[in-house]
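Colleague: Before I rely on any of the labels in this description, I would like to hear what stands behind them. Could we take them in turn?

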Amino acid sequence: MTEQSAWRFSDDRGQVSTAARRPVRILAYLQAGATLWDYGVRPEGIFGSGHDGPAPDRAKAGALPLDSVDYVGAGGALDIETLLRGAPDLVVAVSYGGGQVYGLAPETAKHLEERVPVVVIDVGRARGFAAIGDRFADLARSLGGEPAPADDRESAAAGERLRAVAAVQDRPRVLALSPAGRDEVHLARPGMWPELRVLAELGVNLVEPAEGPGASWSTVGRAHAAELRPHLVLADVRAHATPFDAFAAAPGGPALWGTARVVPWNPEPPCSPRAHARFLTLVADALEAVGGGR
């Protein structure tokens, strides 16, 4: 495909975006921008969600060069004029189902689509992590990027290593969570998070919170979470989450959490084999260390 060719892409809402030529000034949601970067496509600008602030969340930005990519803001700061200030010729957004653009108010998203093509990739539970990555890879190819075969091989190798590490008789208990202040914590429901589902498929013993309110998270007190006795904690490292060290250090915390090992976890990861391999390797390393120390 050449720069002068007509460009078209059908997104996960079934909507077809078209342009007279391949878009080059791309504005993307942080997670989408980090994924496209790994696939060889450089976004001109990025935006955050209502959880984000005036500066980009480095935990969600992956390998993006934040010193040279324009961050236009997040939440209520995102009006049409702000989103269009870099004259983007394509916006790449994500959705957690239902086709709703994540991070933008519905009216803002509606008016944005009247001005510029918007491609939405579903990163929710509708498909597996690899399939989400494939959709981003398709989009990247249409934009002139090219996924690296070496990244796929590295991800596959990391997965096989994790499978072997997890295949022990007395499997360590792994709990994914997002601290919310000193006294409460959101426990992830593994089936709702594509990357956590991969861990389960590879044999990792993920703790399932009790049934109750909350589709993706179960919010409980700190002591209740500690009673689950995880050997390994996958702790949310996004900027709006309370750092796990501060959460665990609150009065009584050290006694509650004991010797649980902690692995940084980004619930909004770049959906690329390169980033996925790094995460699988971190988990495998931690499980090996936990197994050797029990």
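Colleague: How do you know whether the reach of helix 5 is close to what is expected?

Modeller: A word on the source comes before the answer: this is a predicted model, in which local features need pLDDT of at least 70 and side-chain atom pairs count only at pLDDT 80 or more, while totals for chains, interfaces and linings use all residues. Residues are numbered from 1 along each chain as its sequence is written, and side-chain values use heavy atoms, with hydrogens and water left out. Helices (H or I, at least four residues) and strands (E, at least two) are DSSP runs, numbered from the N terminus. The expected span of a helix is 1.5 Å times one less than its number of residues; helix 5, residues 149-166, has 18 residues and reaches 26 Å from its first C-alpha to its last, close to the 26 Å expected.

Colleague: Which residues of helix 5 are called buried, and what puts them on the same side?

Modeller: The word buried is used under 20% relative accessible area, exposed over 50%, and partly exposed in between, with a 1.4 Å probe and protein chains only. In helix 5 the buried residues are Asp151, Ser155, Ala158, Gly159, Leu162, Val165 and Ala166. They cover an arc of only 125° around the axis, and therefore lie on the same side of helix 5, the arc being that of the directions from the helix axis to the C-beta atoms. Pro149, Arg153 and Ala164, on the other side of helix 5, are exposed.

Colleague: Why is Asp151 called buried, and what is Asp151 in contact with?

Modeller: Asp151, which has its place in helix 5, counts as buried because its relative accessibility is 11%, and the limit is 20%. Contact means heavy atoms within 4.5 Å; leaving aside neighbours within four places in sequence, Asp151 is in contact with Asp38, Pro273 and Arg274.

Colleague: Why is Ser218 called buried?

Modeller: Ser218 is found in strand 11, residues 217-221, and counts as buried because its relative accessibility is 9%. Not counting residues up to four places away in sequence, Ser218 touches Val185, His186, Leu187, Arg189, Pro209, Ala210 and Pro213.

Colleague: What makes a space in this structure a cavity, and how many does the search find?

Modeller: On a 1 Å grid over the protein atoms alone, a cavity is a set of points where a 1.4 Å probe fits but cannot get out, and lining residues have an atom within 4 Å of a point. A search of the whole structure finds one cavity of 30 Å³ or more. About 100 Å³ of space lies in the largest cavity, where a volume is the space filled by probe spheres set on the points, which are joined across faces, edges and corners.

Colleague: Which residues and elements line the largest cavity?

Modeller: Of the 15 residues that line the largest cavity, Trp193, Pro194, Glu195, Pro267 and Pro269 lie nearest its centre. The elements giving two or more residues to this lining are helix 4 (129-142) and helix 6 (194-201), and helix 6 supplies the largest share, three residues. By class, the lining has eleven nonpolar, two polar and two charged residues, where Ala, Val, Leu, Ile, Met, Phe, Trp, Tyr, Cys and Pro count as nonpolar, Asp, Glu, Lys and Arg as charged, and the others, Gly among them, as polar.

Colleague: What makes helix 6 mostly covered?

Modeller: Six of the eight residues of helix 6 are buried, namely Pro194, Glu195, Leu196, Arg197, Val198 and Leu199. Just after helix 6, Gly203 takes a positive phi of about 100°.

Colleague: Is Leu228 buried or exposed?

Modeller: Leu228 is found in the loop between helix 7 and strand 12 and is buried, because its relative accessible area is 19%. Leu228 touches Arg173, Leu175, Leu187 and Val207, not counting residues up to four places away in sequence.

Methods:
On a 1 Å grid over the protein atoms alone, a cavity is a set of points where a 1.4 Å probe fits but cannot get out, and a pocket is an open set with protein on both sides within 12 Å along at least five of seven lines; lining residues have an atom within 4 Å of a point.
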